[in-house]
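Dear colleague,

Please find below the sequence and the structure that I am handing over to you. My notes on what was found follow directly after.

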Amino acid sequence: MSNAQTYCDTRGGLGVNENAGIIRREVAILYGDVVGYSRLMDFDETRTFARLRDCMNHHWRPLIQDHGGKIVGTGGDSMFVEFAQADQAADCATQIQSRMQEVNEGLDDSDRFVLRIGVNFGEVMDSGDDLFGAVVNVAARLQELTEPGGVLIAESVLARLSPDKAEQFSPAGSRRLKNIADPVPVHRWRRGAPEPLHGGRMLAVASEAAAGLASGLGRLFRRTARSTPRAKEAAEAAGHLDAALASPGVMVMPFAVLGQTPDDQILANGMTEEIITMLGQQANLRTLSRGDSFAHRHGTDAGAAEMRERYGVGYLLEGSTRQAQQEFLCTVRLLETETEQVVWTERYRRPLADVFDVQLEIAERVALAIQSTVTRQEGFRIRSRPPDNLAAWQLVVQANHELFERMNSASLHRAEELLRAAVATDPDYADAWALLALTIAGEVAGGYAKDPEARDIEAISLADAALDMAPNDATVLGNVAAAKAHLGHGQEGLRLIERALQLAPHYTPFHQTKAVALAQSNRPKEAIPILERIVEASPHDLQRHMNLFILAVAYAASGRRADAMATAQKAIELDPTWHQPHIFIAMMSGMQGKLGVAAAKFAEGRQLEPELTLTGYEYFFKKSSAPITKPMLMLVRKLWRDSDRLLAEAA
């Protein structure tokens with residue numbers, strides 16, 4: 001191939017004269033873009049530009065130069081960089097992201113710069129002033145596909161990396177890119193190595209994959225669960241939860257739907273959920289969980305006094321909504337349950353775009369009416385930032401209900417589709433990224449994933465991206481903590497949920513996540529009193545069967561086999577169609593040598609959830625270094641084979 005040939009190309013309106021000399025050469029292209037730059041400029045143009053210049057001069061440009069790169073162009077919030085070698089570009093991309101994670105730590109959201117980076121390698125056309133060709137276009141498209149704080153590289157880049165560098169990336173499938181004819185195989189940067197597995201890590205399997213491993217681990221835990229400082233911490237945590245559960249609180253009843261369209265239902269559900277979340281994040285105000293609230297989603301004949309008796313709440317918030325073209329109507333009233341008097345009522349008729357402002361106003365008025373001391377002294381605590389896009393928020397509301405109504409492969413799949421649409425609609429919506437991470441974590445931990453390692457890595461990457469975007473949002477912290485805990489990163493999950501609880505100490509779902517993180521950090525005895533109090537305090541919670549199942553796992557890990565079996569059976573009685581307790585009891589029976597009973601129960605669980613995979617179950621066992629791993633892996637495989645035979649006979 002000659003060094004100089006004549007070509008035609010057009011990019012961004014710039015024409016390349018067909019008589020001009022063009023050089024073809026192979027290069028690596030890095031394309032980076034700042035997430036939410038327009039929003040940051042709208043917030044404070046001068047400050048944002050100063051921050052951009054500071055990041056370019058003190059962080060990005062020095063790293064690019066250190067790796068032999070050359071900045072071809074910048075577009076305000078984006079940069080287009082060339083490198084001679086693929087490994088230089090990949091190293092530079094990951095180091096820029098790691099550097100920005102350090103830079104952003106402790107900064108306010110308005111000062112944080114989060115990048116997306118795509119990297120490609122191939123032949124470009126060099127006009128002397130600019131680079132052209134599909135290689136450049138693909139790098140830009142990969143940047144658009146990756147999550148905030150992430151790096152996506154093409155197969156052509158991975159093929160040129162050394163084995164140790166290639167291990168930093170995991171397959172992310174083949175993607176169809178705009179204006180690119182063939183699908184492009186891509187690989188996602190693994191943000192740090194996965195935590196090694198210890199004994200407590202096995203609880204991730206039992207918690208979501210319902211393995212009897214927890215029972216065997218109980219024997220190992222008994223020697224290590226006697227730490228006096230930890231026992232003191234557990235007592236303090238249980239005391240905090242007791243105080244929260246004993247304080248007069250508020251229950252948000254599901255908002256009535258006055259309209260007839262699916263959008264009316266989404267609006268009503270979203271109003272209910274957001275107000276529960278906002279009130280739940282007040283430091284001195286107990287708000288019942290949405291499980292208790294949505295137990296009455298079809299209405300209730302109980303009066304305020306009966307609700308006070310049943311739930312111990314001092315106040316009820318009732319409301320109704322209806323969507324009318326580009327407006328919505330909303331009526332709310334706050335009742336004192338002891339006197340059944342109306343404390344406050346209001347009617348709203350607003351543009352649909354004002355729905356988030358109305359949610360905030362309602363939550364603030366309720367908190368002030370209840371006269372929370374902290375609310376009066378510190379002001380009303382709100383989440384970091386409402387979503388910019390109403391459509392994205394509606395998608396997240398639907399995904400939340402998919403996960404809330406039923407935690408199985410079908411609901412996880414539907415939720416993931418909705419959440420991917422949400423982040424595509426609003427790429428800066430941290431809540432959506434965090435919930436997407438939790439959804440994928442549920443698929444991995446539940447044993448549904450066809451490629452659990454790749455999905456595990458993706459979930460952690462998405463979770464970290466959500467934290468980069470909203471590090472001080474309690475809801476994001478809670479969902480990321482839950483995702484990491486379910487994937488076995490118990491200590492990290494515990495650290496994050498403690499931060500969430502500092503912001504919302506009375507929010508019951510955060511206490512549940514803390515219990516899961518404790519159990520998966522080899523501290524099941526500390527998780528038990530938290531879970532027992534949650535179960536006792538919410539007898540009508542729609543997710544009570546899930547709480548009972550988690551409690552059964554903690555019992556098993558503490559050596560309390562009889563309690564574990566009895567509690568798992570209660571979970572089955574509440575929801576016979578949920579497979580996890582069936583699988584758990586099967587594994588427990590297998591540990592006791594009752595292999596016939598175990599195989600039959602295992603087959604029953606698989607019938608309830610046909611999407612379960614042996615690969616998914618084996619994933620955690622193979623990674624663990626716990627002494628009991630080998631026999632438990634053998635038991636899983638045996639029960640799978642035996643249940644295969646039983647299912648074939650039944651067919």
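By class, 20 nonpolar, 18 polar and 7 charged residues line the largest cavity. Here Ala, Val, Leu, Ile, Met, Phe, Trp, Tyr, Cys and Pro count as nonpolar, Asp, Glu, Lys and Arg as charged, and the others, Gly among them, as polar. Please note that this is a predicted model, in which local features need pLDDT of at least 70 and side-chain atom pairs count only at pLDDT 80 or more, while totals for chains, interfaces and linings use all residues. Residues are numbered from 1 along each chain as its sequence is written, and side-chain values use heavy atoms, with hydrogens and water left out.

The cavity has a volume of about 1,000 Å³, and it is the largest of 4 cavities of 30 Å³ or more found in a search of the whole structure. A cavity is a set of points, on a 1 Å grid over the protein atoms alone, where a 1.4 Å probe fits but cannot get out; lining residues have an atom within 4 Å of a point. Grid points are joined across faces, edges and corners, and the volume is the space filled by probe spheres set on the points. Of the 45 lining residues, Leu438, Asn479, Pro509, Gln512 and Gln543 lie nearest the centre of the largest cavity. Among the elements that give two or more residues to this lining are α10 (262–280), α17 and α19 (474–486). Helices (H or I, at least four residues) and strands (E, at least two) are DSSP runs, numbered from the N terminus.

The next topic is the nonpolar core, a set of buried Ala, Val, Leu, Ile, Met, Phe, Trp, Tyr and Cys residues joined through side-chain atoms within 4.5 Å. Buried means under 20% relative accessible area, exposed over 50%, and partly exposed in between (1.4 Å probe, protein chains only). In the largest core, which has 126 residues, Leu317, Ile362 and Phe584 touch the most other members. Helix α17 (residues 430–445) supplies the largest share of this core, 12 residues. Apart from it lies another core of 35 residues, including Tyr37 and Ile153. In soluble globular proteins, nonpolar side chains tend to be buried together.

Salt bridges come last. By the rule that a side-chain nitrogen of Lys or Arg lies within 4 Å of a carboxyl oxygen of Asp or Glu, the count comes to 28. Which residue forms a salt bridge with Arg188? The partner is Glu458, with the closest N and O atoms 3.6 Å apart. This pair links distant parts of the chain, 270 residues apart, with Arg188 in strand β10 (residues 184–189) and Glu458 in helix α18 (residues 452–469). Arg188 counts as buried at 5% relative accessibility, and Glu458 counts as buried at 9%. Both belong to a network of salt bridges that also links Glu416, Arg420, Glu443 and Arg455.

Another salt bridge joins the side chains of Arg349 and Glu327 (3.1 Å, N to O). Arg349 lies in strand β16 (residues 341–351) and Glu327 in strand β15 (residues 327–336), 22 residues apart. Arg349 is exposed, with a relative accessible area of 57%, whereas Glu327 is partly exposed at 29%.

With kind regards

How values were computed:
1 Å grid on protein atoms, 1.4 Å probe; cavity = no way out; pocket = protein on both sides within 12 Å on 5 of 7 lines; lining within 4 Å.
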